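Dear colleague,

I am passing on a structure that may be new to you, and below it you will find my notes on what turned up in it. Please read them with the structure open beside you.

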Amino acid sequence: LGMLNALARLRSVLYCRDALRVRRTLEKGNWDEERVTMKGFVQDIEYLAVGNDEFRRVLYTAKHCQLVLMSLKPKEEIGAEVHKLDQFFRVEEGTGEAVLDGIRSAIRAGFAVLVPAGANHNIINTGSVPLKLYTLYAPPNHRDGVIHHNRDEAEADTEHFDGKTTE
């Protein structure tokens with residue numbers, strides 16, 4: 001298992017041409033390296049999603065939507081939840097299962113999941129490597145810039161969107 005984790009990590013590092021720069025950029029919240037004068041968010045989302053190891057990392061918050069990276073460890077899940085907002089997921093790496101109102105669907109890299117407001121939903125990593133994805137909340141759901149390193153930390157935090165946007 002240790003060797004498998006090491007190989008998965010190496011593959012992620014090799015895929016990310018400059019994983020250290022991405023990690024430092026993510027940790028500092030510095031999106032302006034490649035986006036000097038543009039308003040909004042313009043980045044290689046696949047590159048960022050695959051390089052992310054955090055359970056949840058809020059990348060960008062606008063007035064009416066929010067972009068969040070997620071990484072689920074093997075056999076980990078988001079946890080069943082219901083929102084009063086719409087949510088979109090895009091899987092960039094790994095395999096899993098989307099559960100919407102009790103209906104289970106297999107998902108893998110390239111799959112999108114749209115969860116309408118009020119739907120009970122869960123995303124589960126059914127694979128042996130991390131499930132890398134990003135999600136859009138409309139409207140925002142989390143405090144801008146929040147980072148949860150693991151699910152336990154996310155569940156312990158009572159934070160919610162406070163009206164403050166990235167710009």
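Which residue is the bridge partner of V58 in β2? In this model, which is a predicted one, the partner of V58 is V68. The two strands concerned, β1 (residues 56-61) and β2 (residues 66-72), run antiparallel and are joined by five bridges.

To place that pair in the whole, the protein has four helices and nine strands, and its elements follow one another from the N terminus as α-α-α-β-β-β-β-β-β-β-β-β-α. Six of the strands form an open sheet with antiparallel pairing, in the order β6-β3-β8-β2-β1-β9. Because β6 (112-115) and β9 (147-148) stand at the edges of this sheet with a single partner strand each, one side of each is left without a neighbour there.

Turning to the interior, buried residues account for 41% of the 167 residues in the protein. The largest nonpolar core has 20 residues, among which F89 and I123 have the most contacts inside it, and the elements that give two or more residues to this core are β2, β3 (86-93), β6 and β8 (131-138).

Across the protein, 64% of the contacts between residues at least 6 apart in sequence join residues at least 24 apart.

With best wishes

Key
Residues numbered from 1 in each chain as written. Predicted model: local features only at pLDDT ≥ 70, side-chain atom pairs only at ≥ 80, totals over all residues. Heavy atoms only, no water. Pairing = 2+ DSSP bridges. Core = buried A, V, L, I, M, F, W, Y, C linked by side-chain atoms within 4.5 Å. Buried < 20%, exposed > 50% of the residue type's maximum accessible area, 1.4 Å probe, protein only. Contact = heavy atoms within 4.5 Å.
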